[in-house]
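This briefing goes through strands, salt bridges and surface patches in turn. Please keep the sequence and the 3D view open while reading.

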Amino acid sequence: MTDPFVVIGGDAAGLSAASKYRRESPARDVVVFEQGSWVSYAHCGTPYFIKGDVEHLRDLQSLSPRDIEERGIDFRRDHEVTAIDTRSDVITVVNNGESFEYPYEELLIATGARAISAPIEGADLDTVFTLHGLPDATALRSFLTPPAEFDSANLGGGAALTTSVAEQYGAMQPPETIAIVGGGYVGVEMAEAFSAWDCAVHLFQRPERLLPAFGTAVGDVIASTLKKAGVTLHLNKEVDRLTETDGQLDDIVYGGGNRLNVDAVLIGIGIRPNVELLTETSIELGTAGAVAVDEYGQTNVENVYAAGDVAELKQIVTGETTWSPLGLPANRAGRAIGATVGGSPTQVGHVAETAMLKAFEVGCGRTGVLDHDRAEAAGFDPITKTITAGSRSGYYPGAEETTVTLTADQESGQLLGGSLVGADRAAVRINTIATALGAGMTVGELEQQDLGYAPPFSPVWDPVLVAAKVLNGKL
C-alpha cells in the first residue's frame, strides 16, 4: 500500500471522511482503524434502545462492516492506535496483543469522546453506569430486563456484542430505584427511559435548574414535566459519594450527608475529548481542550486533520472556537475533510451549537448564544425576551403552548440565540432560529420571514415570529 489516507476512529466523522475520500479519489487507498467492535452507530439513539423504543442494537448502526468494505474502504475493527509519530508519518497499532507500525500520507484523528464519572467516589461499582456508546447501552438494557425474559440474542448485536457482559447484567434482578447524577442531555432522556421500566427515578443536579445551556424557561418546563411523570428531582444538590457493602452499591450520599438507598446509579455529568493519543506529539489543543483545527479541519501539523467529538470548531455567532460534540458537525466535518484530502478543498463549517431533546411528551431545542455573560464576553450587549404562543391555530385540535426565548444584541439588533419548549412538535422549530443565525439575521429580519401557515401545523403567526416581533418591539 502506498500513500494511504489513514483514519483513526470508525464512527461518524471517521467513516464520513473515508467514504467521501473514496468517492473523490478512487485510485488511492484509505484505511480506517477502530479500537472497538462497534462501528458507525448513533450515540443519540441509545436512550431509546434502553427504553425499548428501538428494538435491536443493529438498528442504531448506519453502516455495517460489510457496507463499509463494499465502499472500498480497508476497515479494521479491534485495532487500537497507541502512538502517532508526526515526524516520520507513522502510527503504531495494536491488534490481538501484536504491535505494528503503519505509514500515512494524510491522517485524520477522529477518536471521539468518552463519558466521565470522576470525581464521584464509588463510580467503579458494578451497578454504577455511564452512557456513551453501545456497550454501555447493552449493559443497561440487559440489567433492566427481568432474568426470566432475558436472552442476549434478542439484543440484536451479532458478533459485535460482548455476550459475557450482557449475560452478567441479564442475570441480575432489575433495579427498583435508580439515581441519575446530572441533569443534562443524558440525565433528562434517561429519566424517561428508566421510568418506562417502572423504576423509581431520582435525578440529582448540582445547579438549580436542568439543562442550563437551554435557558431558564426550558429548564423550568422540563423540570415540571419530569415531576408530573413521577421523577423525583434533587436540584441544587451535589452528590458527594456512593457507598457500598461487600462491593455492592448501597446509598447515594448527597447535599452534605443526606442518603438515599438505590439499586443503580447512572452518572451523566459530561464527556471529554479523547486526546491522550496526542500527548507525545506536537499537535496543538484549543481553548476547550479538544484539537485545534483550521477552516479545513487541519491541525497545526501539515497533513494531519481532526474532526468529530475530538476537535473544536468556530462558533457562528461569536467567531470564537468552541467544542460542540454533536452528530451533525461530526458528519459534516468528516465529509469535508474527505473531500479536501481527495483533492477538492472544502471547509468544515461553523456551528451554532444547535441541539434538541425529548422529555416524555415535551420537546425542546436551543441554538446560538443565550447566556448573557458569554454574549458580553464576545462584545455584545444582550437582551432576552420570552413569550408563549399556540403551536397551531387555536380552533384546531392538538394545539399546545410553545415557549420561545430569543436573545439579541441591543445595539445592532443581531440575533444571538434562541430556545423553545413545548409538547406539540416544538423542538423542530429551533431549526428556523438556527437558519436565521446562519444567515446573520437581525431580529427584525427574522420577524419578516414568510413562514408557512396552515391550521394543523401553525397559527398565522408562528411562535418564533411572535417572539421576534416582541423582541424587536423591545429593541
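**Strand pairing and salt bridges**

Strand 1 pairs with strand 2 (residues 30-33) in the parallel sense, over four bridges. Helices (H or I, at least four residues) and strands (E, at least two) are DSSP runs numbered from the N terminus, and two strands pair if DSSP finds at least two bridges between them. The model is predicted: local features need pLDDT of at least 70, side-chain atom pairs count only at pLDDT 80 or more, and totals for chains, interfaces and linings use all residues. Residues are numbered from 1 along each chain as its sequence is written, and side-chain values use heavy atoms, with hydrogens and water left out.

**Strand 1 and its partners**

- In strand 2, Phe33 is the bridge partner of Ile8.
- Strand 1 also runs parallel to strand 7 (residues 106-109), joined by four bridges; there Glu106 is the bridge partner of Phe5.
- Phe5 and Val7 point one way from strand 1 (residues 5-8), Val6 and Ile8 point the other way, and all are buried. Buried means under 20% relative accessible area, exposed over 50%, and partly exposed in between (1.4 Å probe, protein chains only).
- In a regular strand, side chains alternate between the two faces of the sheet.

- An open sheet of five strands has the order 9-16-10-11-12, with parallel pairing.
- Strand 9 (128-129) and strand 12 (232-235) stand at the edges with a single partner strand each, so one side of each has no neighbour in the sheet.
- Strand 9 is joined to strand 16 (residues 264-267) by two bridges, and Val128 stands opposite Val265 in strand 16.

**Salt bridges**

- The whole structure holds 17 salt bridges, each a side-chain nitrogen of Lys or Arg within 4 Å of a carboxyl oxygen of Asp or Glu.
- One of them joins the side chains of Glu106 and Arg28 (2.8 Å, N to O). Glu106 lies in strand 7 and Arg28 in the loop between helix 1 (12-24) and strand 2, so the pair ties together parts 78 residues apart in sequence. Both Glu106 and Arg28 are buried.
- Another joins Lys51 and Glu192 (2.7 Å, N to O). Lys51 is in helix 2 (residues 46-51) and Glu192 in helix 6, 141 residues apart.
- Lys51 is partly exposed at 21% relative accessibility, whereas Glu192 is buried at 4%.
- Lys51 and Glu192 belong to a salt-bridge network with Asp53 and Lys358.
- In helix 6 (residues 185-195), nine of the 11 residues are buried, among them Glu189 and Glu192.
- Asp85 and Arg87 form a salt bridge whose closest N and O atoms are 3.8 Å apart. Asp85 is partly exposed at 26% relative accessible area, and Arg87 is exposed at 78% relative accessibility.

**Surface patches**

- Patches are made of residues with over 30% relative accessible area and no salt bridge; like charges are joined within 9 Å, and nonpolar side chains (Val, Leu, Ile, Met, Phe, Trp, Tyr) within 5 Å. Accessible areas come from the Shrake-Rupley method with a 1.4 Å probe.
- Tyr395, Tyr396, Tyr453, Val460 and Trp461 make a nonpolar patch of about 560 Å². Tyr453 sits in the loop between helix 11 (443-447) and helix 12 (463-474) and is partly exposed at 43% relative accessibility.
- Asp371, Asp373, Glu376, Asp381 and Glu411 form a negative patch. Glu376 is in helix 9 (residues 372-377) and is partly exposed, with a relative accessible area of 46%.

Key. Lys and Arg count as positive and Asp and Glu as negative; His and the chain ends are not counted. The place of a charge is taken as NZ of Lys, CZ of Arg, CG of Asp or CD of Glu.
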